[in-house]
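Hi everyone, thanks for coming. Have a look at the model on the screen, and I'll walk you through a few places in it.

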Amino acid sequence: MKKYLLYILLLVSILLVGCSKLKEKRGYVYAMSTSIDIALYGENSDILEEACNKIEDVYKSIDKLANPYLEYNGINNIYKINNSKKTINEEVIYEDIIIENELFDLLFYAFSLKNETNGHFNPFMGRLNNIYKNIINKNSDKDSEIDIDSLINENVIKAELNLINNTTLEFNKDNLTVKKIGDGLIDLGGIAKGYATLKAEEILDEYNITHYVINAGVSSIALGKKPNGANYKIGVKNIPNFYIEINSKALATSSISEQITVNNGKAYHHVIDPFTGMPTTLYDTVVVIGDNSCVLDALSTAFMSMQEDDIFSMAKDFGVEVLTFKDGKLLFSTSEEHIYV
């Protein structure tokens, strides 16, 4: 469930204003269909430069490893795993694919979170996601007419959900191999940026850099400390006069606002309920705040199809704060503290 999100706007105050004694290093990389902005602050320019270069490399690496559409020479990525099924003499064979440690780790995260969210985050939604993206793209072409029923209907959804529910992964940690069993397609769009941001934060810890802002397409944001100890203020698109105040935290979001189209009065978007096979309708936007960017990214997707009581329970289990929005207003928040104004 890849998220092309621009709906959380970092305000001017998110920048490290007043840090004239600290040197600044700005970085930028385009990866996972997202513009990723990096701002690091510290006393040693060489350390900032080295850390920034490593962070940029992490996003580029995860971009290739998690790509379900393209193959790369010398890299066994998601595309390779998705296309690993072979038929020899009418016998179906699912191949063990040797992958890099980063992709093994990411896939294990995704598979584990599928179980921990009771299936509300599902990494095997690739085929169904592609159908809805096709609808969105075709319907956006005003010069052509689109027959939605020919692309998605009850029978199509039922067949796709059957493939999704009968697909699994087998891991061999000793050999760093993974085997996809079933015809569902892996799509890590709902977790890959969060995982890359988590790896970026590990690099910052390695270099002892505590003042930073990483804006991974604003669907995954990592915030360090402000030198003056103040909070960052983050505004939410389409929610007037509403700001989230946080410091030294990560934040992830999911929203229907970017990839969406309307056909005959019905909205089609890219956030799909893994149980109904239909676009989610409970919330327009979900924001999750916590410490682990990878987990937050997956949870923001999972919570889009989850009822309020279940969100409260799961948020407590994961130790995160959740805010949901509908029709331009805050619907509810799990926070026991006033983290927004």
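Ala51, Lys54, Ile55, Val58, Tyr59 and Ile62 of helix 1 touch helix 7, where the partners include Tyr195, Ala200, Ile203 and Leu204. Contact here means heavy atoms within 4.5 Å. By class, this contact of helix 1 with helix 7 has 11 nonpolar, 1 polar and 4 charged residues. Nonpolar covers Ala, Val, Leu, Ile, Met, Phe, Trp, Tyr, Cys and Pro, charged covers Asp, Glu, Lys and Arg, and the others, Gly among them, are polar.

A word on where this comes from: it is a predicted model, in which local features need pLDDT of at least 70, side-chain atom pairs count only at pLDDT 80 or more, and totals for chains, interfaces and linings use all residues. Residues are numbered from 1 along each chain as its sequence is written, and side-chain values use heavy atoms, with hydrogens and water left out.

Back to our pair. Helix 1 (residues 45-65) and helix 7 (residues 192-206) pack at about 155°, with axes 9 Å apart. Axes are lines fitted to C-alpha atoms, for helices over the stretch in contact, and angles run from 0 to 180 degrees between N-to-C directions. Helices are DSSP runs of H or I with at least four residues, strands are E runs of at least two, and both are numbered from the N terminus. That angle makes helix 1 roughly antiparallel to helix 7, a label for angles over 145 degrees.

Now the sheets. In what order do the 8 strands of the open sheet come? They go 2-3-9-10-13-16-17-18, with antiparallel pairing; two strands pair if DSSP finds at least two bridges between them. Strand 2 (23-31) and strand 18 (329-333) are at the edges with a single partner strand each, so one side of each has no neighbour in the sheet. The twist averages 15° from one strand to the next. Inside this sheet, strand 3 and strand 9 pair over 6 bridges, and tyrosine 41 sits opposite histidine 211.

Helix 9 (residues 308-318) lies across strand 17 and strand 18, at about 55° to strand 18.

Last stop: is asparagine 77 buried or exposed? Its relative accessibility is 0%, so asparagine 77 counts as buried; the cut-off is under 20% relative accessible area, with exposed over 50% and partly exposed in between, using a 1.4 Å probe and protein chains only. Asparagine 77 is in the loop between helix 1 and helix 2. Beyond its neighbours within four places in sequence, its contacts include Lys64, Tyr72 and Leu103.

Technical notes
Angles under 35 degrees count as roughly parallel, over 145 as roughly antiparallel, 65 to 115 as roughly perpendicular and the rest as oblique.
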